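The structure is shown first, and the comments come after it.

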Amino acid sequence: MALSALLAFPHPPIMKRTLLLLVCCCLNNAAVFGQSQIKFWYGSSTDPREEKGYQELVNEFNQQNPKVQVRIEKVPGSETDAAKMMTAVRSGAGPDVYLLDRFTVAQRAASGLLKDLGPYLKKEGKDLSHEYLDFAWKEVVYADKVFGLPIGTDTRALFYNKKILREAGIDLAEFDPTKGPISPERLKEIAFKLNKADASGAYTQLGFVPWLEQGWGYSWGYAFGGKFYDPAQNKVTPTNPGVVAGYQFLYDWAKDLGPEKARTFVDTYWQWPSVGTLPEEQDPFLTGKVAMVLTGQWELPRIKKHAPDLDYSVTYIPAPNGLKSSWSGGWSLVIPQGAKNPDAAYQFIRFVTDAHGQEELAKVSGMFPTLKSLAGRKDLFPPDYEFFLSLLPVAQSRPPLPVGALYWDKLKEAQEAVITNSKKPEEALQSVLTEVQPQLDHFKK
Amino acid sequence: MLSKTPANTELGRQNPELVFRAWGRETFRSAASRVFLLVMSLAYLSPMYWMFVTALKSSAELSSFPPTLWPRTFVWQNFADAVRNFPFLQYLWNTSFYAVLTVVGAVVSNFLVAYGFSRVKWPGRELLFYPVIASIFMFIEFPVNPITMIPVFTLFTKLNLVNSFVPLILPSFFGNPFFIFLLRQFMLQIPDELSEAARLDGANEWQIMTRIILPLTRPAIAVVALLAGVNAWKDFLGPLIYLHDDALYTLSIGLEFFKTEHRILFNLLMAASCLVILPVIVVFILFQRFFISGVALGSGKPQS
Amino acid sequence: MLAAEACRPTAFLMLTLSRRDLRSLIAGLLFVSPWLFGFAVFLVYPLLANFQMGMTDYSGFGDATWIGLKNYQELLADPLFWESLYNTLFYTVFAVPLGVAVAILIAIAMNQKVREIPIYRALIYLPSIAPTFALSMMMIWLMNPRYGLVNYFLSFFGVPSINWLGDPRWSKIAIILLAQLGAGPIGLIFLAAMRAIPTTVYDAASLDGASSWKKFWHITLPLITPAILYDIIIGIGLGLQIFVPAYIMTQGGPLNSTSFIALYIYNSAFKYSRFGFAAAMSGILFLINALLAITIFRSSRLWVNYHVE
């Protein structure tokens, strides 16, 4: 704003450019009026309620620390896309704090993007490794150095629309979680009963699209008992039989729906995924376009806000052999290289990831805390979260690898190939192996 | 003097049925022309029409099937909503700043260089012009093209000039072979005698350039200015890799980030797009003849 | 004696220039110096640097480590690279001739002797002024399988709904079609070329009883070949460097069907922090571009008619 005010005055063109250059330099060197400013960036895929949580925490922090002002900026980015942040850091205009998907911390750290928090931890004199849940802490450590602090975590389950199922004559007792997960074959039978098409044959409603929302390869790979990484041999294992079975499940489902018709359905009602984030009101589960969806606990506030009358419930992710499976993700706060105010940034990070911060975030956004001290705090959540909390003990987490983001992207590519039936699962997953393993070998100590 | 229509010829006066047939052919031809033109302009106009119409639709109407060609209700509010989330004025200012400076650079540098290649006789001039033509294909995307962007970006990073408009504007001050070619073509048609006479009168090259050639080259300069300005307005890849502060964003990347950062429906996105295109359309309407005539300037043929 | 003089070094040659020549040489060079500097810094240096950087492993942070030809070896074995190359060439091979045809069509349209022609000209030219990024965003909606105008329009002809941006078979075609909206300026160049043909040539042909089609094919077309050559060379450059529609509409998908080289270069550098790898690709892209341009130019001797005014 000050910038535009400055430039609003008429100057000759040459002067304006120099002025702009100077002002840019000034922006690059914050610390104006004895107050340090830290830039906190998060990506555009951030859940709106989490956003609210961060904003509240930032306001609180700013009030408590008049000498340090945190400024939030939303930038394009998602779980594996941190290009904006990386380019900015590279050009010396990066943020002081960034919200980074935890399982990619290793990869970003490996490419020299992040600051080692070790010195700060030492100065504080605390050993935080025991305060956080094990799997969450493991994700922020790379090469024995700490590169971030964990914030929240989540779990995934199957949501189903009771009304649509009832109307189709399905016995809802089959979905009772006390009976364990429903089998994938039975799910398919039920789901296909719910498919509807219009006169031209295009789908207008589908029972279930296994790859929508959180139906990533990871979900089904874990459900079918697969493993994605072999720590003993330091090898990624996309061709593990369980993983292949999971992808085969997707392949067959797509085949039976008709891959093009399925794709058209998704592209019509869900927009092309790369084109921005879908407005929440358009969520196909909320609008009844799909009867069931595999997603995380953040769907609960969405339902409450946009479809409060939705008659739904949740159960385990369908799996063979009664395997109760789920997986947890979550975010972390990191300090990129070249941060102008790393000390203040560390202060802010500790504030958000500590007990008070995580409690607030839990209450506002439904994020599960990663602090051991807050584990089991059911009072932080409304009752409908209980099922998701119960999944935490059985939930797996993605292997923290220096090729984490790459592995995810390649698995996604394989998934696309499989759901369009253009490649068989074995072939697609074999490509993942041949493309990712060499990169991983790069990092062999 | 009567125009030469079939009716006015000797043959025509004597054979009215030939005139009638000729008139029939003419009408058919102009009707066919009009149909052809209508189809073409419809094809080219429809995207813009669709953009505008979508911008005015309500969110509910977006999902009506089959799609409505004319909005049921006119939701002008969409434009206001778009501007609320999208710092339109800030980005407009930045883009204008970028465009204006680009125009300055393009006009000044290309004029100088074209002058050197056309109005001054020096040994090796033609030889040195070949690389200019040969490199046109490297400057098609300007100022940032995928072939040279990596080393140039690294260079600007080392100079600590990234996250500013410098890398975007600077190249314009060093010439663009396409514009050099255009200006040179134009200047070659100005008779040598004008320069010679001035030289004999004792004028130096600079004076000849500014007092004689410059005024005569104005139409071509106008074309260069417009093309360079519009090019800066449209630039996407350049701002994408060089601008990292939301105070600096141009309309191009601003719109893209608006699309990805906010969970928006297409009517708002289209409203924002309309606002982004509007200034360019205004410029086009005002300076239409320069855009359209600019192309034929090189051949020196009379316009119509 | 002439040969001996030609063998002398340039400095000596310069000394043999008359004072007047030398003065005009300096003046000339001074005038073109901005271009000389730009040529060196923005063309020659990056081209060389691409090859040098292409032999390093550089993440954009810290130092670059020399790895020889490893990047190139990796590229040769990289299926995404070949896919990107294929996509880019596919796009270029189809977009360029289509572009020429459309431009000629536009020129014919703009040449119609109708009173309101300025309005039509403006309408046809207008989309080329609109920024590509804005048109791309609009295209996303225009080509939605269910709610888009294009499929709605096609449905009148009984064409089943096409998932333009979601079907790997159609995604490139969608982008090729989008590119035709920008044919305005090239159309004008063709228009000027057509106008440059004296009417006497057409009159003579009419006297010989030639039909409109014959006139077009045997007179107009051959005589506008210089404009066609220009369009092809520019078109090749634009085609090989295509970036914006892929970035905005499809991000390289679906199934990498719109992964173009320029996009892969951008992603390698800015998304995956592999500047050396990206530079290696840039060098290859340049070679392809140059090769194609030179080939077309060389071949032009066979089919281009430069007629003297």
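1. The model is a predicted one. Chain A comprises 18 helices and 17 strands. Its C-alpha trace extends over about 70 × 55 × 45 Å along the principal axes. A compact globule of 445 residues would have a radius of gyration near 22 Å, and the 23 Å of chain A therefore agrees with that expectation.

2. Burial and contacts in chain A. Of its 445 residues, 60% count as buried. Among contacts in chain A with a separation of 6 or more, 75% are made by residues 24 or more positions apart.

3. The six-stranded sheet. An open sheet in chain A has the strand order β2-β1-β3-β15-β6-β16, with mixed pairing. Its edges are β2 (68-75) and β16 (368-369) of chain A, each of which pairs on one side only. Within the sheet, β1 (residues 36-43) and β3 (residues 97-101) of chain A run parallel and are joined by two bridges. A:Trp41 has A:Tyr98 in β3(A) as its bridge partner.

4. Strand β6 of chain A. How many of the six residues of β6(A) are buried? The count is six of six, and the strand is mostly covered. On the side of β15(A), the pairing is antiparallel and runs over four bridges, with A:Thr153 opposite A:Gly330. β16(A) is likewise antiparallel to β6(A), joined to it by two bridges; here A:Gly152 has A:Pro369 as its bridge partner.

5. The helix across the sheet. Helix α14 (residues 342-353) of chain A lies across β1, β2, β3, β6 (148-153) and β15 (330-334) of that chain. The helix runs at about 25° to β6(A).

6. In soluble globular proteins, nonpolar side chains tend to be buried together. The largest nonpolar core here has 281 residues, and A:Phe175, A:Trp211, A:Met292, C:Phe190 and C:Phe243 have the most contacts inside it. Helix α5 (residues 79-110) of chain C is the main contributor, giving 14 residues. From chain A, domain 1 (36-154 + 329-397) and domain 2 (156-328 + 403-441) each supply at least three residues. A second, separate core has 36 residues, including A:Phe40, A:Leu57, A:Leu121 and A:Phe351.

7. The surroundings of C:Phe190. Which residues does C:Phe190 contact, leaving aside its neighbours within four places in sequence? They are C:Val100, C:Ala103, C:Ile104, C:Ala107, C:Ile224, C:Ala227, C:Ile228 and C:Asp231.

8. Backbone details. Most residues other than glycine have a negative phi, and most peptide bonds are trans. A:Asp144, in the loop between β4 (141-142) and β5 (145-146) of chain A, has a positive phi near 65°. A:Glu213, in the loop between β9 (203-208) and α10 (217-223) of chain A, also has a positive phi, of about 50°. Is each of these residues buried or exposed? A:Asp144 has a relative accessible area of 78% and is therefore exposed, whereas A:Glu213, at 15%, is buried. In chain B, the peptide bond from B:Phe142 to B:Pro143 is cis, with omega near 0°. B:Pro143 is placed in the loop between α6 (125-134) and α7 (149-158) of chain B.

Methods
Residues are numbered from 1 along each chain as its sequence is written. Chains are lettered from A and ligands numbered from 1 in the order in which they are written. This is a predicted model: local features need pLDDT of at least 70, side-chain atom pairs count only at pLDDT 80 or more; totals for chains, interfaces and linings use all residues. Side-chain values use heavy atoms; hydrogens and water are left out. A nonpolar core is a set of buried Ala, Val, Leu, Ile, Met, Phe, Trp, Tyr and Cys residues joined through side-chain atoms within 4.5 Å. Buried means under 20% relative accessible area, exposed over 50%, partly exposed in between (1.4 Å probe, protein chains only). Domain bounds come from an automatic or database domain assignment. Contact means heavy atoms within 4.5 Å. Two strands pair if DSSP finds at least two bridges between them. Axes are lines fitted to C-alpha atoms, for helices over the stretch in contact, and angles run from 0 to 180 degrees between N-to-C directions. The radius of gyration is taken over C-alpha atoms; the globule rule is 2.2 Å times the number of residues to the power 0.38.
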